[in-house]
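Below is a short report on one protein chain. Please keep the sequence and the structure in view while reading.

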Amino acid sequence: MPKTPPSGKGEKANIAEIIGLDALKLLKDRNFLVFFISSVLICIPLAFYYQNLSPFLTESGVENSTAWASAGQISEVLFMLLLPFFFKKFGFKKTILVGMLAWGIRYLLFAYGNSGELFFMVITGIVLHGICYDFFFVSGQIYTDSKAGEKIKSAAQGLITLATYGIGMLVGFYVAGKITDANLLAEGGHTWQSIWTFPALFAAAVLVLFAIFF
């Protein structure tokens, strides 16, 4: 094996570098700050999907709901393969915007689909998970690496992960829980159209924010 010493060997490191605070300087860049804020905000609609998909399918009377839900993970793999081609042709901003648009469309499909004649809408919404996740989060990881550079890219990825899966998802699950509870029916079901409409509109608002300011 070739000799591969640590990249920072022989260099002095301060406390900020050791605990990853150097990544915070990326927030001085307006575009990165807009991306950072959008990443946190888009986790609120994401939490609705993770929290409510299973009960939504069950209450809607979908048979083999777990198997249908797994189509979302399959689509993640498929769209991961397509992402490099889309990213290279259309660039970061358009790729992100397509991902955000997919969020809004997905939740509208859930809001107005059903387990009967409109079941194709529900399945389409599930399959869109690949675009929603890959085109936003994976593209975001690529963008973060390009902005951070070799020296602080690990710290920058840690910062984005903390912001999204830490703060963003924490707030997202709280909001999703409140909205879901507010639409609980007396007999135990839920008004799913109202529940899914909220993240659709929220994702649309984040899309507009990103489109204007990035």
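E150 is exposed, with a relative accessibility of 63%. Exposed means over 50% relative accessible area, buried means under 20%, and partly exposed lies in between (1.4 Å probe, protein chains only). K153 counts as partly exposed, at 27% relative accessibility. E150 and K153 form a salt bridge, with their closest N and O atoms 3.6 Å apart. A salt bridge here is a side-chain nitrogen of Lys or Arg within 4 Å of a carboxyl oxygen of Asp or Glu.

Both E150 and K153 lie in helix α6, three residues apart, about one turn of the helix. An α-helix has 3.6 residues a turn, so residues three or four places apart point the same way.

## Basis of the model

This is a predicted model: local features need pLDDT of at least 70, side-chain atom pairs count only at pLDDT 80 or more, and totals for chains, interfaces and linings use all residues. Residues are numbered from 1 along each chain as its sequence is written, and side-chain values use heavy atoms, with hydrogens and water left out.

## Overall fold

The protein chain has seven helices and zero strands. Its pattern along the sequence reads α-α-α-α-α-α-α. Helices (H or I, at least four residues) and strands (E, at least two) are DSSP runs, numbered from the N terminus. The C-alpha trace spans about 65 × 35 × 35 Å along its principal axes.

The protein chain has 214 residues, and 44% of them count as buried. Take the contacts between residues at least 6 apart in sequence: 80% of these join residues at least 24 apart. Contact means heavy atoms within 4.5 Å.

## Surface and charge

The accessible surface of the protein chain is about 11,700 Å², and 67% of that belongs to carbon and sulfur atoms. Accessible areas come from the Shrake-Rupley method with a 1.4 Å probe; for residues, only the protein chains shown count as cover. There are 15 positive and 13 negative side chains, and the centres of the two sets lie 17 Å apart. Lys and Arg count as positive, Asp and Glu as negative, while His and the chain ends are not counted. Each charge is placed at NZ of Lys, CZ of Arg, CG of Asp or CD of Glu.

Y50, Y165 and F173 make a nonpolar surface patch of about 280 Å². Patches are made of residues with over 30% relative accessible area and no salt bridge; like charges are joined within 9 Å, nonpolar side chains (Val, Leu, Ile, Met, Phe, Trp, Tyr) within 5 Å. F173 sits in helix α6 (residues 129-182). F173 is partly exposed, at 34% relative accessible area.

## A salt bridge across the sequence

The whole structure holds two salt bridges. In one of them, the side chains of K147 and D29 meet at 2.9 Å, N to O. This pair links distant parts of the chain: K147 is in helix α6, D29 is in the loop between α1 (15-18) and α2, and 118 residues separate them. K147 is partly exposed, with a relative accessible area of 32%. D29 is also partly exposed, with a value of 29%.

## Buried sites

Helix α5 (residues 119-127) has these buried residues: F119, M121, V122, I123, G125 and I126. Their cover includes α2 (30-59), α3 (65-69), α4 (71-112) and α6.

S38 lies in helix α2. S38 is buried, at 0% relative accessibility. Leaving aside residues up to four places away in sequence, S38 touches M100, F136, V206, L209 and F210.

S65 belongs to helix α3. S65 is buried, at 17% relative accessible area. Its contacts, not counting residues up to four places away in sequence, are L57 and T58. S65 and S75 are ten residues apart in sequence and 16 Å apart in space, C-alpha to C-alpha.

## Loop positions

N64 is in the loop between α2 and α3. Phi of N64 is near 55°, a positive value in a residue other than glycine. N64 is exposed, at 61% relative accessibility.

G188 is in the loop between α6 and α7 (192-213). G188 is partly exposed, with a relative accessible area of 42%. G188 and Y174 are 14 residues apart in sequence and 20 Å apart in space, C-alpha to C-alpha.
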